[in-house]
Amino acid sequence: MTARQRPPRQRPPRQRPPRQSPPRQSPPRQSPPRQSPRGQRLATRLIRLASSRLSGQDREDRYREWTAELHAIAHDPGTASRARRGARALLYAADQNRGVRQLRRRADSQAPHLPSRPRALRRRPGPIARSLILAVTMLTELTMTWINTHDVRGFAVTAVMTAGVYVWAVARFIRRADPHFLENPEDKEY
Amino acid sequence: VKLTGQLERVFLAFLEDPAAPRYGYDLMRAAGLPSGTLYPMLARLQDQGLVTSHWEPQPDDAGGRPPRKYYRLTAEGARTARLELARASQASAPAAPRGMRPAPGTA
């Protein structure tokens, strides 16, 4: 039995139609912002965490204000690099946790006659616990980044920041060497 | 108002155009301050009546951009800022020379 031989296909040679469009101009160096980049998602989470520590109307106002600012950072025409805009958004959001402490103090001083909270509720997480929470959040983001995108640059940036937060948390823990390190020293409950 | 270096930078940023409303990130860049410093400072200035804030009305062509919160110096705030900055610059100006001294070894 002989194998059937097909006649060779004869395709007509491809010819590209001539371009009618004007010569292409080099695109601007600035990369277009994505709809929801990872850095901005993480920054939004950090802002949600920070504003959740405020109370009442202030919480909602600050969340609206800071997420609008995140949008401004993400679309900042003065910063060409998308990675830099993402890092700026993260720094902006992470630093709000520091600002919230002062905003809370201010709110407490304005309302001194509020009934005191129960003793158990007064124990807020301390700075080390907060930094550990932040580090775990970033580690989760790091893992999700790698699983979803395999983007080496984004992974590297997040990895360096996560490692920095871990080192910072461990350094504070070693420095304090206190069995009650997970509690906030401002509470003075122990 | 106790004028610190950070507050001085915020005042200078506002006084670039006292009538222009500024949003937080804009002020951060102009004053070179981190967010954790700027917002408590703005809240304190607002409590003292030196700064006022308002929400931007949602424009039609915003393209999904959320409305921003804008800050502006009040008239009292602008007056205080100018006064404090003038005081600070006066205090940091070098003292006037008391008189000519002869060069060592010539007297």
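The report below treats the interface, the sheet and the salt bridges in turn.

This is a predicted model, in which local features need pLDDT of at least 70 and side-chain atom pairs count only at pLDDT 80 or more, while totals for chains, interfaces and linings use all residues; side-chain values use heavy atoms, with hydrogens and water left out. Residues are numbered from 1 along each chain as its sequence is written, and chains are lettered from A and ligands numbered from 1 in the order in which they are written.

With contact defined as heavy atoms within 4.5 Å, the interface draws on 22 residues from chain B and 24 residues from chain A. The buried area, that is, the accessible area (1.4 Å probe) that two parts lose on being put together, summed over both, is about 1,800 Å² for chain B and chain A, with 53% of it on carbon and sulfur atoms. Of the area that chain B buries against chain A, B:Y25, B:Y39 and B:W55 supply 33%, more than any other three residues.

Polar contacts (pairs of N or O atoms within 3.5 Å, where within protein one must be able to donate a hydrogen and the other to accept it, and residues adjacent in sequence count only if both atoms are side-chain atoms) number 11 residue pairs across this interface, both residues being at pLDDT 80 or more. Helices (H or I, at least four residues) and strands (E, at least two) are DSSP runs, numbered from the N terminus; on the side of chain B that touches chain A, α3(B) gives the most, with 8 residues.

In chain B, an open sheet of 3 strands has the order β1-β3-β2 with antiparallel pairing, two strands being paired if DSSP finds at least two bridges between them. β1 (22–23) and β2 (51–55) of chain B each have a single partner strand, so one side of each lacks a neighbour in the sheet. Between β2(B) and β3(B) the antiparallel pairing runs over 5 bridges, and B:V51 stands opposite B:L73 in β3(B).

Two of the salt bridges are listed below.

| Salt bridge | Closest N and O atoms |
|---|---|
| A:D76 and B:R29 | 3.2 Å |
| A:E65 and A:R62 | 3.2 Å |

A:E65 and A:R62 are 3 residues apart in helix α2 of chain A, and therefore separated by about one helical turn.

Conventions:
Salt bridge = Lys/Arg side-chain N within 4 Å of Asp/Glu carboxyl O.
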